[in-house]
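Hello,

Here is the structure for you to look over. My notes on it follow below.

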Amino acid sequence: MSKHVIHTENAPAAIGPYSQAVRAGNTVYLSGQIPLVPETMEVISEDIVEQTTQVFKNLSAVCEAAGGSLEKVVKFNIFMTDLNNFATVNDVMTQFVKEPYPARAAMGVRALPKGVQVEIEGIMVLED
């Protein structure tokens, strides 16, 4: 099985030695997205709602570049520096993903790149 690198200008460029996503067969592994605005590569704001919204916009752009959408995501891993933001992140997520919801894990972490409050990665499965 070969792997195909996914890249779009509509999501932030990788800030390290990784790809925005990699497709293997009909599965797309989405790298973690943080709330960077693609055009400026700057953090959108300090507000958790704006940060989470930007993360889902970035993930959506990568999904589309791979030929899918957020509705095709089967698993999200969410990393937060403050688990008190759990309900807020849930509220924003429901604006981007509808039932049936994907599987998910949410973890509290000490720090994230560029001092952001949230990072989300995922796995998307496309039709054969």
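This is a predicted model: local features need pLDDT of at least 70, side-chain atom pairs count only at pLDDT 80 or more; totals for chains, interfaces and linings use all residues.

Numbering starts from 1 along each chain as its sequence is written, and side-chain values use heavy atoms, without hydrogens and water.

The axes of α1 (residues 48-65) and α2 (residues 86-96) come within 9 Å and cross at roughly 35°. Axes are lines fitted to C-alpha atoms over the stretch in contact, with angles from 0 to 180 degrees between N-to-C directions. Helices (H or I, at least four residues) and strands (E, at least two) are DSSP runs, numbered from the N terminus.

On the α1 side, I48, V49, T52, T53, F56 and K57 make the contact (heavy atoms within 4.5 Å) with T88, V89, V92, M93 and F96 of α2.

Now the rings. The whole structure holds 2 aromatic pairs (Phe, Tyr or Trp rings, six-membered for Trp, with centres within 6.5 Å; planes under 30 degrees apart are stacked, over 60 edge-to-face, the rest tilted). F56 and F76 are edge-to-face, at 5.6 Å centre to centre and 85° between the planes. F56 lies in α1 and F76 in strand β6 (residues 73-80), so this pair ties together parts 20 residues apart in sequence. F56 and F96 are stacked, at 5.4 Å and 15°.

Best wishes
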